[in-house]
Amino acid sequence: MKAITYTEFGGPEVLRLAEVDEPHAGPGQVRLKVVAAAVNPLDYKIRNGWRPQMAPPFPVIPGVEAAGVVDEVGEGVTGVAVGDEVLGWTVTGAYAEHALAVDFGPKPADLDWDLAAALPVAVETSVRVLGALGVGEGDTLLLHGAAGVAGAVGVQLAVTRGATVIGTASPGNHDYLRSLGAIPVAYGAGLADRVREAAPQGIDAVYDAAGAGNLEVSIDLRGGTDRIITIADPKAAELGVTFSGPAPFGSRLGEYARLAADGKLTVRIAQSLPLEDAAKAQELSASGHAAGKLVLRP
């Protein structure tokens with residue numbers, strides 16, 4: 001099969017389109033014929049060697065999120081059959097024509113493939129964080145990085161829980177945040193004052209999806225570290241803030257995929273590119289200027 005691989009850490013130039021052996025579904029696994037694979041910032045961070053503890057053995061096939069059609073079902077797997085459309089997390093790399101998965105959910109037939117590939121990480125992350133924070137009716141949530149993919153999903157899910165959401169983002173994204181139901185504020189110097197002006201009732205919880213040095217101001221606004229969670233700031237432990245990492249999610253994806261198919265949950269797709277343009281996609285991801293999710297089509 002065709003796949004994007006690399007055999008050493010480095011810049012986007014280490015990525016190569018190669019012919020590799022197809023994986024086959026083992027016990028507890030399904031194999032997908034990948035239709036769309038999502039690009040995440042973690043992909044280029046691992047490729048650069050910044051997360052060596054997370055890097056699989058070389059040669060690496062990047063990517064974790066994919067949507068595709070099941071074409072092999074391993075021993076012990078129930079509730080899914082060859083020909084089913086699914087979305088979820090791969091264990092062999094998503095930038096490929098075929099990938100193995102153990103954590104996945106059903107894809108509605110009327111859900112766009114690019115959107116399906118863009119959902120798993122953002123949905124799992126935001127459901128996990130909002131649940132851990134106990135965000136509910138009447139709460140005011142401060143969400144850093146609200147215009148990013150995970151942040152935007154977090155905004156939408158928090159609003160459906162009955163929360164008021166104050167979202168930090170650059171001014172160019174403020175209209176987008178308003179369309180999702182958030183009250184936007186610009187990040188940068190003076191952020192605490194702008195948040196207090198937008199939320200004179202105070203901040204009940206903080207979801208940091210940006211990891212851009214917002215924890216100190218969040219602690220100040222909360223008067224402590226209670227009900228603050230980051231998914232991206234390595235200073236969390238130093239400051240006594242909870243750092244939350246991914247957990248199995250599986251078939252629960254189906255209900256959120258249905259919301260997306262019905263237009264009740266959205267993710268911006270910045271660009272859909274052919275598989276061979278993986279280096280370009282990772283460069284765009286690293287630039288921070290992609291307005292939404294980047295998707296590769298094998």
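Contact means heavy atoms within 4.5 Å. The structure is a predicted model, in which local features need pLDDT of at least 70, side-chain atom pairs count only at pLDDT 80 or more, and totals for chains, interfaces and linings use all residues. Residues are numbered from 1 along each chain as its sequence is written, and side-chain values use heavy atoms, with hydrogens and water left out.

**View 1. The buried face of helix α8 (residues 253–261).** Helices (H or I, at least four residues) and strands (E, at least two) are DSSP runs, numbered from the N terminus. Buried (under 20% relative accessible area, 1.4 Å probe, protein chains only) applies in α8 to Leu-253, Gly-254, Tyr-256, Ala-257 and Ala-260. Seen down the helix axis, these residues fall within an arc of 165°, so they line one face of α8; the arc is that of the directions from the axis to the C-beta atoms. Their cover includes β5 (85–90), β6 (98–106), α2 (113–133) and α3 (149–160). Just after α8, Gly-263 adopts a positive phi of about 80°.

**View 2. An open sheet of six strands.** The strand order is β9-β8-β7-β10-β11-β12, with parallel pairing; two strands pair if DSSP finds at least two bridges between them. At the edges, β9 (183–186) and β12 (242–243) each pair on one side only. Strands β7 (residues 140–144) and β10 (residues 205–208) pair over four bridges, and Leu-142 stands opposite Val-206 in β10.

**View 3. Helices α5 and α6 across the strands.** Helix α5 (residues 191–198) lies across β7, β8 (164–169) and β9, at about 160° to β9. Helix α6 (residues 215–222) lies across β7, β10 and β11 (228–230), at about 165° to β11. Axes are lines fitted to C-alpha atoms, for helices over the stretch in contact, and angles run from 0 to 180 degrees between N-to-C directions.

Methods:
Buried means under 20% relative accessible area, exposed over 50%, partly exposed in between (1.4 Å probe, protein chains only).
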